[in-house]
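Open the model in your viewer and keep the selection panel at hand. The stops below run from the whole chain to single side chains.

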Amino acid sequence: MLEIKCPYCGKRSQNEFSYGGDASVKRPALEKEISDKEWDDFVYFRKNPRGKHLELWHHVSGCRQWFKVSRDTTTHEIYKTSKINEE
Ligand SMILES: [Zn+2]
């Protein structure tokens with residue numbers, strides 16, 4: 001079982017959290033005209049990296065805040081957690 005350090009609450013058991021996806025995906029700018037393929041890529045397609053990855057997690061059973069986790073997908077080592085607006 002992983003322990004994840006919520007930037008608001010501190011270390012908690014993984015079962016209090018929910019994975020929210022790739023944190024490096026950027027929504028296309030609202031004023032920009034994009035193709036259907038660019039929109040499909042944004043909505044449906046994600047990389048499945050091996051190694052260090054930046055992810056979104058939700059503290060569902062705690063403060064209910066979203067935050068970023070830098071984690072290794074092979075070893076599950078967590079390098080860093082940060083608030084959404086932080087680096
Ligand atoms: Zn929390």
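A residue is called buried under 20% relative accessible area, exposed over 50% and partly exposed in between, with a 1.4 Å probe and protein chains only as cover. By that cut-off, 28% of the 87 residues of the chain are buried. The model is a predicted one: local features need pLDDT of at least 70, side-chain atom pairs count only at pLDDT 80 or more, and totals for chains, interfaces and linings use all residues. Residues are numbered from 1 along each chain as its sequence is written, and side-chain values use heavy atoms, with hydrogens and water left out.

Start with the whole chain in cartoon view. Along the principal axes, its C-alpha atoms fill a box of roughly 40 × 25 × 20 Å. Helices (DSSP runs of H or I, at least four residues) and strands (runs of E, at least two) are numbered from the N terminus.

Next, select the zinc ion. Which atoms coordinate the zinc ion? They are SG of Cys6, SG of Cys9, ND1 of His59 and SG of Cys63, at 2.1 to 2.4 Å. Donors here are N, O and S atoms within 2.8 Å of the metal (3.2 Å for Na, K and Ca); water is not among the atoms, so sites may look incomplete. The angles among the four donor atoms run from 103 to 117 degrees, and the site is tetrahedral; for four donors, that term asks for all angles between 85 and 135 degrees. For comparison, the ideal angle for four tetrahedral donors is 109.5 degrees. The donor residues follow the spacing C-x2-C-x49-H-x3-C in sequence. Colour the site by accessibility: Cys6 is buried at 1%, whereas Cys9 is partly exposed at 27%.

Now turn to the salt bridges, each a side-chain nitrogen of Lys or Arg within 4 Å of a carboxyl oxygen of Asp or Glu. The whole structure holds three.

- Select Arg12 and Glu16: their closest N and O atoms are 4.0 Å apart. Arg12 is partly exposed, at 31% relative accessibility.
- Select Lys37 and Asp41, paired at 2.8 Å from N to O. The two are four residues apart in helix α1, so about one helical turn separates them. Lys37 is exposed at 56%, while Asp41 is partly exposed at 30%.
- Select Glu55 and Arg71, whose closest N and O atoms lie 2.7 Å apart. Glu55 belongs to strand β4 (residues 52–58) and Arg71 to strand β5 (residues 66–72), so the pair ties together parts that are 16 residues apart in sequence. Are these two residues buried or exposed? Both Arg71 and Glu55 are buried.

Stay on strand β5 and select Lys68. Lys68 is buried, with 14% relative accessible area. Its side chain reaches the backbone oxygen of Glu86 at 2.5 Å.

Finish at helix α1 (residues 36–44), where Tyr44 is found. Tyr44 is exposed, at 60% relative accessible area. Show the surface of Trp39, Val43, Tyr44 and Phe45: together they make a nonpolar patch of about 450 Å². Such patches take residues with over 30% relative accessible area and no salt bridge, joining nonpolar side chains (Val, Leu, Ile, Met, Phe, Trp, Tyr) within 5 Å and like charges within 9 Å. Accessible areas come from the Shrake-Rupley method with a 1.4 Å probe; for residues, only the protein chains shown count as cover.

How values were computed. Tetrahedral: all angles 85-135°; square planar, octahedral: opposite > 155°, others 65-115°. Polar contact = N/O pair within 3.5 Å; in protein donor to acceptor, adjacent residues only side chain to side chain.
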